[in-house]
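User: I am new to this structure and would like to learn how to read its features one at a time. Please begin with the general idea in each case, and then turn to the example itself.

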Amino acid sequence: MPYRAPVSDYEFMLRHVVGFDDVAGTDRFAEASEDMVSAILSEAGRLCEEVMAPLQRNGDLHPARLENGVVRTSPGFAEGWKAIADGGWIGISAPQDFGGMGLPVTLLTAVNEMMSGACLSLELAPLMSMGQIEALEHHASDELKRLYLPKLISGEWAGTMNLTEPQAGSDVGALSTKAEPNGDGTYAISGQKIYISWGDNDFTGNVCHLVLARLPDGVPGTKGISLFVVPKYLPDDAGNPGQANTLKVVSLEHKMGLHGSPTCVMQYDGATGWLVGEPHGGMKAMFTMMNNARLGVGGQGVGVAEGAYQHALAYAQERKQGRPAEGSSGSIADHADVRRMLMTMKADVFAARSILLACAVAIDMQNATGQADWAARAALLTPIAKVCGTETGMEVADTGMQVHGGMGFIEETGAAQYYRDVRVTAIYEGTNGIQAMDLVGRKMMDGGEAAAALIEEIQSQAEQARAKLPDLAEAVWQASETLRETTEWLAGQKDMNDRFAGAVPYLHAFGRVLGGHYHLAAALADPGGARECLARYYIRRLLPEHTGLLAQAQIGAEGLFGLSLEELAA
């Protein structure tokens with residue numbers, strides 16, 4: 001079925017739900033007027049519908065492959081990349097000094113989400129470049145910026161991130177890749193990296209790898225790690241790709257999904273690289289990339305959820321089964337349980353998309369104002385946006401298969417591809433469990449102040465909504481109060497295992513309450529309309545899940561280690 005970019009949903013949410021007017025009201029983003037935003041979203045939507053969506057099945061049925069050391073990409077992907085690059089979409093929020101548009105991260109987030117819904121395998125390629133652009137912008141020398149940023153932003157070159165090794169996954173500090181000084185300002189990089197998304201392609205002039213490695217004087221652990229840019233081809237004096245560097249793609253991973261996206265095992269044998277940032281400062285630069293990627297991966301989940309929902313809805317409207325009730329269409333879309341699934345899918349997509357955009361708005365406000373409260377809000381929402389986006393992607397894709405019934409298990413319908421493609425997003429850029437531990441750990445080092453400020457906003461809106469939507473407002477207020485009490489309990493736990501044991505249910509509960517908050521905002525903006533109807537469904541049927549989740553969060557580690565490893569295996 002054809003993909004429809006949710007442009008109207010984005011326009012409504014930016015205007016009425018997540019406070020984008022605050023971003024457009026800053027001096028930095030004053031050009032992001034309502035007309036410009038509408039034009040950007042519409043043009044990006046057209047690209048997704050007409051260029052990227054037709055490539056969705058190509059990538060799955062005709063995977064990227066490695067031939068004699070050369071990666072051959074899926075049919076049409078080269079043309080898709082060119083359309084993305086020519087439209088300037090890789091540099092939508094990149095600095096104007098190097099050819100970017102300099103637009104808000106909020107718009108970048110919306111565009112990436114739509115691209116993910118159209119063809120996630122291809123969208124991963126520009127996302128990798130975007131992360132590298134941001135890392136270089138903040139940490140590279142002026143010389144490296146002048147050489148690499150214009151070419152990455154234009155799409156002439158592509159970028160990757162090389163973090164993971166066979167023995168160093170989430171524990172990045174365990175890496176063994178080495179960097180030896182060459183004596184001329186360059187370094188010889190040696191080691192192997194795995195799970196490198198878009199580690200190579202056959203449609204850009206160069207592929208630039210950001211590689212974490214350890215200098216000879218680097219101490220063990222994360223404090224001894226440095227970051228290097230290591231290009232596939234060494235730039236000549238004119239900045240053009242020259243001699244081949246001593247790196248290669250060893251193999252492509254055989255994956256559950258995302259077949260159109262080549263995930264590479266990369267080998268570096270004394271490859272020439274340049275230091276990005278300070279020696280032993282690689283983790284700081286890495287987190288710049290990771291935070292960019294976490295928001296982007298959350299958007300991938302929401303985008304796939306949108307695509308899976310549209311796919312399931314179209315099937316449900318066409319599929320005739322059972323005896324039709326009087327006045328019904330006769331399709332399964334009018335069966336009560338199928339309608340329950342469709343409503344849940346739609347309501348959850350709205351909630352996850354709202355959290356994603358609210359996080360992006362906070363990042364833009366932080367960048368525009370430099371205010372600490374916006375920085376704290378962005379930091380707090382990043383793990384929530386990543387987890388809620390990816391979990392929604394998996395759940396909606398799974399439900400979409402259920403709507404299809406037996407046909408959902410048949411690959412020809414394309415329903416299963418959404419689930420196979422999105423499943424890895426819960427693992428990408430720090431697993432969802434790590435995100436939850438980050439939320440109750442690092443993000444609560446302030447004693448829960450950032451969380452309390454957000455909960456106070458939720459309660460303030462609920463108080464104001466009592467006059468117009470008293471039942472919905474009361475439900476949201478009560479849920480936020482329970483969330484506040486649990487947040488205070490967690491912040492008071494000194495044993496981190498007591499926090500970590502309930503981290504995942506706590507994060508999910510926070511997401512549920514935020515979803516109720518944003519649905520309430522939508523209902524206030526559309527009284528008596530479809531938005532209010534959807535909000536009623538979410539707040540009355542889905543929001544109550546927060547109660548059980550928060551109860552789990554307050555149990556702590558009690559009983560978690562009650563069974564020994566031997567008893568677990570018995």
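Analyst: Helices here are DSSP runs of H or I, at least four residues long, numbered from the N terminus. By that rule isoleucine 40 belongs to helix α3, which spans residues 34-52. Please keep in mind that this is a predicted model.

User: Is isoleucine 40 buried or exposed?

Analyst: A residue counts as buried when its relative accessible area is under 20%. Isoleucine 40 has a relative accessible area of 13%, so it is buried.

User: Which residues does isoleucine 40 touch, apart from those up to four places away in sequence?

Analyst: Isoleucine 40 touches Trp89, Ile92, Leu103 and Val111. Separation can be read as well: the C-alpha atom of isoleucine 40 is 40 Å from that of threonine 222, and these two residues are 182 apart along the chain.

User: How should I read a nonpolar core?

Analyst: In soluble globular proteins, nonpolar side chains tend to be buried together. In this model the largest nonpolar core has 168 residues, and the members that touch the most others are Val17, Trp89, Met114, Ile384, Tyr506, Phe510 and Leu514. Apart from it lies another core of 18 residues, including Val71, Val211, Phe228 and Leu252.

User: What does methionine 114 contact beyond its neighbours within four places in sequence?

Analyst: The contacts of methionine 114 include Tyr3, Ala5, Pro6, Val7 and Tyr10. Leu41, Ala44, Gly45 and Cys48 are also among them.

User: Let us turn to strands. Why is strand β11 described as largely enclosed by the rest of the structure?

Analyst: In a regular strand the side chains alternate between the two faces of the sheet. Strand β11 covers residues 263-276, and eleven of its 14 residues are buried, so the strand is largely enclosed by the rest of the structure.

User: Where does serine 261 lie, and is it buried or exposed?

Analyst: Serine 261 is in the loop between β10 and β11. Its relative accessible area is 1%, so serine 261 is buried. Leaving aside neighbours within four places in sequence, serine 261 is in contact with Ser121, Leu124, Trp198 and Lys255.

User: How many aromatic pairs does a search of the whole structure find?

Analyst: The search finds six aromatic pairs. One of them joins tyrosine 148 and tryptophan 157: the ring centres are 5.7 Å apart, and the angle of 65° between the planes makes the pair edge-to-face. Tyrosine 148 is buried at 0% relative accessibility, and tryptophan 157 is buried with a relative accessible area of 0%. Elsewhere, Phe77, Trp81, Trp198 and Phe203 form one aromatic cluster.

User: Which residue lies over the face of tryptophan 157, and which over that of phenylalanine 12?

Analyst: Lysine 151 lies over the face of tryptophan 157, at 5.3 Å from the ring centre. For phenylalanine 12, the residue over the face is arginine 531, at 4.1 Å from the ring centre.

Key: Residues numbered from 1 in each chain as written. Predicted model: local features only at pLDDT ≥ 70, side-chain atom pairs only at ≥ 80, totals over all residues. Heavy atoms only, no water. Buried < 20%, exposed > 50% of the residue type's maximum accessible area, 1.4 Å probe, protein only. Helix = DSSP H or I, 4+ residues; strand = E, 2+ residues; numbered from the N terminus. Contact = heavy atoms within 4.5 Å. Phe/Tyr/Trp six-rings, centres within 6.5 Å; stacked < 30°, edge-to-face > 60°. Lys NZ or Arg CZ within 6 Å of the ring centre and 35° of its normal. Core = buried A, V, L, I, M, F, W, Y, C linked by side-chain atoms within 4.5 Å.
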